[in-house]
Amino acid sequence: MKTLKNILLLNAVSSGITGIGLLVFSSTVAVLFGVPSVFPVSSVGIFLIVFAAFVFIEGRRTVPHANRVKIIVVLDTLWVAASLLIVVVQLLELTIMGYLAIAAVAVWVAAMAYLQHIGIKQTSAANS
């Protein structure tokens, strides 16, 4: 259970820092990614901050709620799937730096999803 809480908190911190970074440096990120507007960058930043708050609250609970952790895992998995679609199909006209950054973040998020999934299975087995 301690491991699941640690992974949730790591996910929250990394998501929050990324979200804040996207908001603070939205113009720079937009240029690096080849995006003509800061709106998509800022929007993703806001989403990540809200997501981070949700994950942080769950990570601070004495016993994380299994269904909420499953929602977090699903959201992380959807993030990875959308990222792969963007990178593989090149849905957006991004720079190489943009595609590489999206792929790198997707790898990190996939690791978070996997570790949280394992953590919730271990927690459920321990409580059975």
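Is Q116 buried or exposed?

## A glutamine on the inside

Q116 sits at 0% relative accessibility, so it counts as buried (under 20% relative accessible area; exposed is over 50%, partly exposed in between, with a 1.4 Å probe and protein chains only). This is a predicted model, where local features need pLDDT of at least 70, side-chain atom pairs count only at pLDDT 80 or more, and totals for chains, interfaces and linings use all residues. Residues are numbered from 1 along each chain as its sequence is written, and side-chain values use heavy atoms, with hydrogens and water left out.

You'll find Q116 in helix α5 (residues 96–126); helices are DSSP runs of H or I, at least four residues, numbered from the N terminus. Leaving aside residues up to four places away in sequence, Q116 touches L4, I7, L8, N11, V69, I72, V73 and D76 (contact means heavy atoms within 4.5 Å).

## Stacked rings

Searching the whole structure turns up 2 aromatic pairs. In one, F47 and F51 have ring centres 6.1 Å apart and planes at 15°, so the pair is stacked (Phe, Tyr and Trp rings, the six-membered one for Trp, pair with centres within 6.5 Å; planes under 30 degrees apart are stacked, over 60 edge-to-face, the rest tilted). F47 is partly exposed at 41% relative accessibility, while F51 is buried at 7%.

F47 also stacks with W79, at 6.3 Å centre to centre and 10° between the planes. That pair links distant parts of the chain, with F47 in helix α3 and W79 in helix α4 (residues 66–89), 32 residues apart.

Technical notes
Helices (H or I, at least four residues) and strands (E, at least two) are DSSP runs, numbered from the N terminus.
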